[in-house]
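User: I'm new to this one and would like a walk through part of its fold. Could you take some questions once it's on screen?

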Amino acid sequence: MSTNNLYRQRVRLIRQKKFLKSLSRVKKIFSSLAISSGLVAYFVFPALAAPTPISFANGSFEDGIPNIGSYKTLYAGDSTSIDNWRVTSGSVDYIGTYWKAADGSRSLDMSGNNEGAIAQTFSTVPGLSYTVTFDLSGNPAGEPTTKTLSVDAGSGTAITYNFNVTSNQSLQNMLWQPEKYNFTATSTSTTLTFTSETPSAWGPALDNVNVTPCTNLTTANGANLTAAVVDPSGTFSGTLDANGCDVGVYYGSQSGSIDNAKIYGAKEYGVFVDNGQTVNVSNSYIFKIGDTPPSGNQYGVGIYYTDGATGTVSVNTVSEYQKNGMAFTDEGTRVDATGNTVNGSGEVPNIAQNGIEFSYGASGSARGNTINGNWYTGSNWTSTGLLLFDVSANQVKTSNNKFMNNQRNLAVITAQSCSHQYGGFYQTYKLCPYLP
Ligand SMILES: [Ca+2]
Ligand SMILES: [Ca+2]
C-alpha cells in the first residue's frame, strides 16, 4: 500500500505551505520588502455531498433466529436466519456459546461444513470512500492452522486476510484481531461479501463488522482527507463514531454549528473548520482523536480552525487527543475559546501535546478554560497548556484559565523570539534568516 507515501506527501505539502506563509510573515517583519499576500490566497472549495445514512446493520450478527445454542450451521440460500445477511455459498456456522464472541454473544465460523460466504447489500454514495472494520479469528478446533478470509465490495476489490491459530488461543480466548478494509462506492448500493477460503470445517471466525462512510475532500490548504460528516446544515448534534475517517465533522463550504455532540474516533481531527467558514462549537464532547494506540505522529487535534475560519468554542470537553486539544492557525483565523475543559494524557513519552494552541497569525481569546495534563517526558520539545506560537500576542487575549499538571502552563513564542530559539525550531525551518 502507498498510503504512507501519500500521507507523507500530504504532510510535506502542508509543511511547505505553512513554511512559505511563515516565511512571508517573518520577512514582512524583518525586511523592507513587501511580500505579496498571494501565498495565502484561498482555493475555491468544491461542493461535496454529505453522505446519506447507510442502512448497513447487524454487523455483530447479534440479531437472528433464536436459540442457536452452541452453534447452528446455515447453508447457501439462507437469507432469513441472520438479519440483514444472506449465506451466498457453501455453509457457515452461526456461533452461539461454542466460543466467546468478539462483540456481544454471537459470531460466525465462515467455514460451516466447508467454506462458506455471507453478504449484505446496503446503500452507498457513488464516489465516496468507506471503511469496513471487523474482528478476525480462526476456529482452533481443527486444521489448517492458517485461516483465510476474503472481503469483497465489488469487482476488483477483494482482499484476503489470514489468521494463524496459535497454542495461546482457546474457545474462551479467541485472540480476535481487528482488521480494516477500504472501498470506494461505485453505485448507490454496495454488496459486501465475506468468503472463507479455508476448505475445511474449521474456518476463519468473523464478528463485529462496522461500515463507516468517509467522504473524500481537499482542504483549503491542499490536503486530501476523509471525513465522516462534511458541511452539515444547521446544528450538528448527537453521537458520531468517526473511526476509519481522518476527520469527524468538516466545514469547508458552509457555516454552521455543533451543539450537544459526541464526536470520537477520527484519526487527525475531531472538528475541522476550514476556508473562512464560521462555526460555533458548544456543549460537546470530543475524544479519542489520533492513532490507536497513540503515536508520535503530529496529528490528532480535537478542534481545529484554519485558513480564515472563525467562531466560538465554548463549554466543550476535549480529551484523549494525540497532539492538541484545540488548535487555531493561520492569518484571518479568529476563535474565542471559553469555558472548555481540555484534558491531556498526562506525562507521556510519545508526543509533546498542547492543550490549546493559537499559531501562525491566528487571533481570538482563551478565557475561563481548564487545561490539564499536557506533559512530554522526551527531550527537545516541551508540552504546554496554552501555546501562542508565532502570533501577535496582543491579538490573543487570555484570562481566567485554570492550569493543572502541564509541563508549561503558558508559552508565548513569537517571531521576535528568534534569538532565543537559535538552534531550535526557528533555525530548523529557517524562520530567522538574519541570524548568523
Ligand atoms: Ca457478535
Ligand atoms: Ca465449522
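User: How many bridges pair strand β7 with β8?

Analyst: This is a predicted model, so keep that in mind as we go. Strand β7 covers residues 146–152, and its pairing with β8 is antiparallel. One pair you can look up is lysine 147, whose bridge partner in β8 is phenylalanine 163. The number of bridges between β7 and β8 is 6.

User: Which glycine takes a positive phi in the hairpin of β7 and β8?

Analyst: Look between the two strands of that hairpin, where there are 6 residues. The glycine there has a phi near 130 degrees, and it is glycine 154.

User: Which residue in β10 stands opposite valine 151?

Analyst: Strand β10 takes in residues 189–196 and pairs with β7 in the antiparallel sense, over 4 bridges. Opposite valine 151, you'll find phenylalanine 194.

User: What stands opposite valine 87 in β5?

Analyst: β2 and strand β5, residues 117–123, run antiparallel and are joined by 3 bridges. Across from valine 87 sits isoleucine 118.

User: What share of the protein chain's residues is buried?

Analyst: Zooming out, the chain has 3 helices and 31 strands. It is 436 residues in total, and the buried share is 43%.

Technical notes
Residues numbered from 1 in each chain as written. Chains lettered and ligands numbered in written order. Predicted model: local features only at pLDDT ≥ 70, side-chain atom pairs only at ≥ 80, totals over all residues. Pairing = 2+ DSSP bridges. Buried ≥ 20, exposed ≤ 12 C-beta atoms within 10 Å, placed from the backbone.
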